[in-house]
Amino acid sequence: TVYAGPAEISTSPGGLIYGKVELDGPETVLGDLEGSISGDTLTFESHYERAGGCTGVMSGQGIIAEGGGSAAGDAVVDDDCSGDLFDATFTMTRQTE
């Protein structure tokens with residue numbers, strides 16, 4: 001299942017990142033994101049809530065493309081309503097206004 005949507009991510013000194021995520025798909029997923037950047041590696045964790053009050057955590061690590069325009073990698077999702085861990089992938093792309 002593919003979920004896509006905007007994320008507002010900011011950086012702070014020391015390579016820390018934080019932000020908000022709003023994904024669409026079969027249902028809306030809203031979450032807070034925090035993590036870090038070290039060299040060309042992005043590591044993050046997002047605590048989220050989705051339809052029906054289900055909550056979970058998605059954590060991932062991936063490589064930032066040269067120039068910083070995108071990042072992609074592997075993730076793990078721990079969703080309290082599904083009662084299971086499952087593997088995922090993620091892609092983030094910078095968009096300018």
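## R50 and D79

R50 and D79 form a salt bridge through their side chains, at 2.8 Å from N to O. A salt bridge here is a side-chain nitrogen of Lys or Arg within 4 Å of a carboxyl oxygen of Asp or Glu. The model is predicted: local features need pLDDT of at least 70, side-chain atom pairs count only at pLDDT 80 or more, and totals for chains, interfaces and linings use all residues. Residues are numbered from 1 along each chain as its sequence is written, and side-chain values use heavy atoms, with hydrogens and water left out.

The R50–D79 pair joins distant parts of the chain, 29 residues apart. R50 sits in strand β4 and D79 in strand β6 (residues 70-79). Strands are DSSP runs of E, at least two residues, numbered from the N terminus. D79 is buried, at 3% relative accessible area. R50 is also buried, at 18%. Buried means under 20% relative accessible area, exposed over 50%, and partly exposed in between (1.4 Å probe, protein chains only).

E27 lies in the loop between β2 and β3, 23 residues from R50. Strand β4 covers residues 41-50.

## K20 and D32

The whole structure holds 3 salt bridges. One of them pairs the side chains of K20 and D32, at 2.6 Å from N to O. K20 belongs to strand β2 (residues 16-23) and D32 to strand β3 (residues 29-38), 12 residues apart. K20 is exposed at 53% relative accessibility. D32 is partly exposed at 41%.

Notes. Helix = DSSP H or I, 4+ residues; strand = E, 2+ residues; numbered from the N terminus.
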